[in-house]
Amino acid sequence: MAKARETKKDDQRIIKIFDTTLRDGEQAPGNSMNIEEKLRLAKQLQKLNVDVIEAGFPIASDGDFEAVKKVAQTIKGPEIAGLCRSSEKDIDRAWEALKYAGEKGRIHTFIATSDIHMKYKLQMEPGKVLASAVKAVKRAASYTPNVEFSCEDAVRTRLPFLAEVVEAVIEAGATTVNIPDTVGYTIPFEYFNIIKYLKDNVPNIEKAVISVHCHNDLGLSVANSVAAIQAGAGQVECTINGIGERAGNCSLEEFVMILKTRRDILPFVTNVVTEQLTPASRLLTNITGIAVQPNKSVVGANAFAHEAGIHQHGMLMEKTTYEIMTPESVGLLSSALVLGKHSGRHAFKKRLEELGHELDETRLNRAFDRFKELADLKKEVFDEDLDAIVSEEAREEDHYKLEHITVTCGSFAVATATVQMEINGVTVRTAELGDGPVDSAFKAIKKLTKSKAKLTQYNVGSITGGTDAQGEVTVRVSEGNHSVVGKGSSTDIIVASAKAYIHALNRLSCKQKRLIEAV
Ligand code: KIV
Ligand code: ZN
């Protein structure tokens, strides 16, 4: 795929893209990823050429620590950041994981600076918060010169105090200072003025890059980030598909495409290879099982679909009548139909690479076998079918595996499912009755796995059009405080349902195992 790296002109400023999909993004319900999934996404972020990857919060759990360490060991190019509170223990643990990135490792430490957070959450006086911030930055700087400090809830912080903290942490060695809108409260005009205030009132501000980190509670995270760079910010923190705490974070693809599309009035460029945006969005969706809304800007299924006749007519005459950016520029490949049953391994592998998927030899072989099976059932295999195959084959070794499922059902039958699974290397089988085929299948799986998890969501859709399309099932299961999503696909929707349910149970058991290990 062609790379369209922007060339910077003299009057343009490069804005650093700090991707926090693996940290703030992963904190959102249902978006948690295991180490292998984080690494896959990190490799795609490397292709996207983001400047910084925030890989996790190392002290939060052993799983998070291992993920940051693995990303730091593997990824070449972007800097790798790890989050930590302003305590020695947190900072030391973060560096233990980040040190593998060498000079590309960045310690990102934070403490809240707003009155409301200091009083109720930290129960600390402002002077003590300031001292903790300085101490934390000095400790981090003893490991690396690459230190970022965040004033949590900066937007609701008294401006003179914010300026005091920013000046002090820069003096202590912070090379990036982040001014987050932690609760998604600000509006563009106000945020512009906050950044401008710091530029005008912090004497050493030029010694650090000002970063911005906007949440989307009022739907303004992208607009606020644009306003901030106009006021002088040099780094934007964002996530793929805008995932993140609550309503999410600034969407990377939207922010980057605004700069690219409105070069006429915005004198900024990023290093992002925009053709990798769609593969990144799809990969994340495949990993988490959470689809983006169809009308989502840039990466939604309808973002480039022109339905109205008058629009289609205009497009045929001249594309720019209704198209402000091309699908190709965001990596949406025009030929959706890709392969059929005569396609060979080489073509299959090449297409996967174009779609941003990299599989090791064993997984590639398994995926190719599944592709052949699918091509026998379906005349045409589309990109979306390949995404679904890869998302199943790229998963970690599963604890629970589906071997066979047979369901009898109909208007005059009591639905009965017979399910055979492999659990911890042992083959087990049972049959259950239920209210319909899915219910009976899930009851049988529940019995075999002895799971106590509750099914809280079940959705079925089709991956492409046509009656031979693969059904794609997404389920959510919850147990205690944990909630995970599972996905499965097949031309038979009962098989897809069983796969999705088992996928969710596998993810839940991994998550529970990681938490037990962390205690
Ligand atoms: O939203 C926020 O304030 C954060 C910080 C930890 C950077 O995520
Ligand atoms: Zn955040």
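A residue counts as buried when its relative accessible area is under 20%. The legends below describe close-up views of a predicted model.

**View 1. The shell of residues around ligand 1.** Ligand 1 is surrounded by Arg23, Asp24, His108, Phe110, Ser150, Glu152, Asn178, Pro180, Thr182, His213 and His215. Sorted by class, this shell holds two nonpolar, six polar and three charged residues. At least two shell residues come from each of helix 1 (21–25), strand 5 (105–112), strand 6 (147–152) and strand 7 (176–181).

**View 2. Polar side chains beside the oxygen atoms of ligand 1.** In the side chain of Thr182, an N or O atom is 2.6 Å from an oxygen atom of ligand 1. For His213, the distance from a side-chain N or O atom to an oxygen atom of the ligand is 3.1 Å. A polar side-chain atom of Asp24 also lies 3.1 Å from an oxygen atom of ligand 1. On its own, ligand 1 has 270 Å² of accessible area, and the protein covers 94% of that area.

View 3. Strand 4 (residues 79–85) is largely enclosed by the rest of the structure, because six of its seven residues are buried. Strand 3 (residues 52–56) runs parallel to strand 4, and four bridges join the two. Within this pairing, Val52 stands opposite Glu79 of strand 4. Helix 3 (residues 62–74) belongs with strands 3 and 4 to a right-handed β-α-β unit.

View 4. Strands 4 and 5 run parallel and are joined by six bridges. Two of the residue pairs can be picked out here. Cys84 has Thr109 of strand 5 as its bridge partner, and Arg85 has Phe110 of strand 5. Phe110 is also one of the residues that surround ligand 1. Together with helix 4 (residues 88–98), strands 4 and 5 make a right-handed β-α-β unit.

**View 5. The two sides of strand 5.** Strand 5 is mostly covered, with eight of its eight residues buried. In a regular strand, side chains alternate between the two faces of the sheet. Gly105, Ile107, Thr109 and Ile111 point one way from strand 5, while Arg106, His108, Phe110 and Ala112 point the other way. Residues of both sets are buried.

**View 6. Helix 9 and the residue Ser221.** Helix 9 (residues 221–230) is mostly covered, with eight of its ten residues buried. The buried residues are Ser221, Val222, Asn224, Ser225, Val226, Ala227, Ala228 and Ile229. Ser221 is found in helix 9 and counts as buried because its relative accessibility is 1%. Its side chain makes a polar contact of 2.8 Å with the side chain of Asn216. Gly232 follows helix 9 and has a positive phi, near 125°.

**View 7. Ile17 in strand 2.** Ile17 has its place in strand 2 (residues 16–19). With a relative accessibility of 0%, Ile17 counts as buried. Gly234 is 217 residues away from Ile17 along the chain, yet their C-alpha atoms are separated by 8.9 Å.

**View 8. Ala305 in a loop between two helices.** The loop that holds Ala305 runs between helix 11 (277–288) and helix 12 (309–317). Ala305 is partly exposed, because its relative accessible area of 43% falls between the cut-offs of 20% and 50%. From C-alpha to C-alpha, Ala305 and Glu323 are 10.0 Å apart in space, and the two are 18 residues apart in sequence.

Conventions: Residues are numbered from 1 along each chain as its sequence is written. Chains are lettered from A and ligands numbered from 1 in the order in which they are written. This is a predicted model: local features need pLDDT of at least 70, side-chain atom pairs count only at pLDDT 80 or more; totals for chains, interfaces and linings use all residues. Side-chain values use heavy atoms; hydrogens and water are left out. A residue is near a molecule or strand if one of its heavy atoms lies within 4 Å of it. A polar contact is a pair of N or O atoms within 3.5 Å; within protein, one must be able to donate a hydrogen and the other to accept it, and residues adjacent in sequence count only if both atoms are side-chain atoms. Accessible areas come from the Shrake-Rupley method with a 1.4 Å probe; for residues, only the protein chains shown count as cover. Ala, Val, Leu, Ile, Met, Phe, Trp, Tyr, Cys and Pro count as nonpolar, Asp, Glu, Lys and Arg as charged, and the others, Gly among them, as polar. Buried means under 20% relative accessible area, exposed over 50%, partly exposed in between (1.4 Å probe, protein chains only). Two strands pair if DSSP finds at least two bridges between them. A crossover is right-handed if, with the strands pointing away from the viewer, the path from the first strand over the helix to the second runs clockwise.
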